[in-house]
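Here is a short briefing to read alongside the model. Have the viewer open and follow along as the topics come up.

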Amino acid sequence: MALVEVDGVSKSYARRTGFRTEQQAVVREVSFRIEAGETLGLVGESGSGKTTVARMILGLVKPTAGAVRVDGIDVASASRAELHGLRRQMQPVFQDPYAALNPRMKVLEIVTEPWLIHGSTSGAASVSKTEVGAKPAPLRLRAIELLKETGLDESALDRYPHEFSGGQRQRINIARALALRPKLLILDEPVSALDVSVGAQIVNLLVRLQREQGLTYLFISHSMPLVRYLCTRIAVMERGRLVEMGEAEALCAHPQEAYTRQLLAATPELPSPPAVGSAFA
């Protein structure tokens with residue numbers, strides 16, 4: 001069974017036009033599966049419906065029609081307890097590393113917050129807010145491990161987000177997402193706000209983390225070369241519809257749809273995928 005199943009999903013919003021209210025469709029009958037351990041790239045220009053699909057998978061938006069199942073559970077009809085459990089298993093990493101972090105919280109508070117909300121450190125003893133204030137040592141040690149996994153050191157824990165570069169902030173976002181040891185990361189344009197060289201480092205970090213932790217990724221982007229490098233399969237969205245889907249290399253080498261060819265032509269093609277640890281450019 002696939003980890004994620006998106007089955008005929010549509011989403012419409014009410015739009016007022018003069019004296020009438022009309023339904024505007026932003027996602028139309030989209031279906032795909034994400035197998036455990038793979039990376040599916042969801043590609044399309046701005047406004048194509050990619051982020052709305054991601055929000056439906058996360059349970060932040062209910063589909064107008066169709067169903068989203070994660071680990072066999074229908075997200076829209078899940079009970080509160082089921083949804084709480086699902087949200088431990090899937091975590092988002094957002095596009096803007098500046099807006100995604102609370103500027104009033106230190107990094108220690110940011111990366112340990114998921115344990116406070118969900119009540120455990122992934123199998124360790126229960127964590128309470130009192131423990132964070134009175135006995136921070138166990139949490140601090142676990143936070144140090146998280147930061148090391150994402151290429152940051154202990155000195156980051158007592159600093160605020162504004163003291164870091166964009167790439168460092170995105171590493172903090174990734175560390176927070178990994179705190180609960182999820183199965184699925186939903187990566188919504190995670191490098192588009194970063195310089196190319198810094199984005200390359202984040203992409204290679206994601207490759208390493210997936211290899212080491214067996215993670216599953218939904219990688220949302222408008223860059224075909226990037227998804228070609230990172231993803232197992234690619235799904236192409238245009239105006240709310242899924243117009244083409246296939247293995248990454250085959251789809252990029254022999255696109256069937258004119259829209260896919262336009263996306264490929266709009267960005268330079270990589271001569272060959274770079275090795276992990278090298279610059280992606």
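The points below cover the sheet, the helices and a few ring contacts. Please keep in mind that this is a predicted model.

- Four strands make up an open sheet, ordered 2-1-4-5, and their pairing is antiparallel.
- The edges are taken by strand 2 (20-34) and strand 5 (73-74); each has a single partner strand, so one side of each lacks a neighbour in the sheet.
- Strand 1 (residues 4-17) and strand 2 run antiparallel and are joined by eleven bridges.
- Within this pairing, valine 9 is found opposite valine 30 of strand 2.
- Helix 1 (residues 50-58) packs on the sheet, where it touches strand 1, strand 2 and strand 4 (65-70). The direction of helix 1 makes about 115° with that of strand 1.

**Helix 3 and helix 5**
- The axes of helix 3 (residues 107-118) and helix 5 (residues 137-149) come within 10 Å, crossing at roughly 100°. Helix 3 is therefore roughly perpendicular to helix 5.
- Helix 3 contributes Val107, Leu108, Val111, Thr112 and Trp115 to the contact, while helix 5 brings Leu139, Arg140, Arg142, Ala143, Leu146 and Leu147.
- Sorted by class, this contact of helix 3 with helix 5 has eight nonpolar residues, one polar and two charged.

**Rings and charges**
- If you are looking for aromatic pairs, the count is zero, with ring centres required to lie within 6.5 Å.
- Lysine 11 places its charged end over the ring of tyrosine 13, 5.0 Å from the ring's centre.
- Arginine 159 lies over the face of phenylalanine 164, at 4.2 Å from the ring centre.

Notes:
Residues are numbered from 1 along each chain as its sequence is written. This is a predicted model: local features need pLDDT of at least 70, side-chain atom pairs count only at pLDDT 80 or more; totals for chains, interfaces and linings use all residues. Side-chain values use heavy atoms; hydrogens and water are left out. Axes are lines fitted to C-alpha atoms, for helices over the stretch in contact, and angles run from 0 to 180 degrees between N-to-C directions. Helices (H or I, at least four residues) and strands (E, at least two) are DSSP runs, numbered from the N terminus. Angles under 35 degrees count as roughly parallel, over 145 as roughly antiparallel, 65 to 115 as roughly perpendicular and the rest as oblique. Contact means heavy atoms within 4.5 Å. Ala, Val, Leu, Ile, Met, Phe, Trp, Tyr, Cys and Pro count as nonpolar, Asp, Glu, Lys and Arg as charged, and the others, Gly among them, as polar. Two strands pair if DSSP finds at least two bridges between them. Rings of Phe, Tyr and Trp (its six-membered ring) pair if their centres lie within 6.5 Å; planes under 30 degrees apart count as stacked, over 60 as edge-to-face and the rest as tilted. A charge sits over a ring if NZ of Lys or CZ of Arg is within 6 Å of the ring centre and within 35 degrees of the ring normal.
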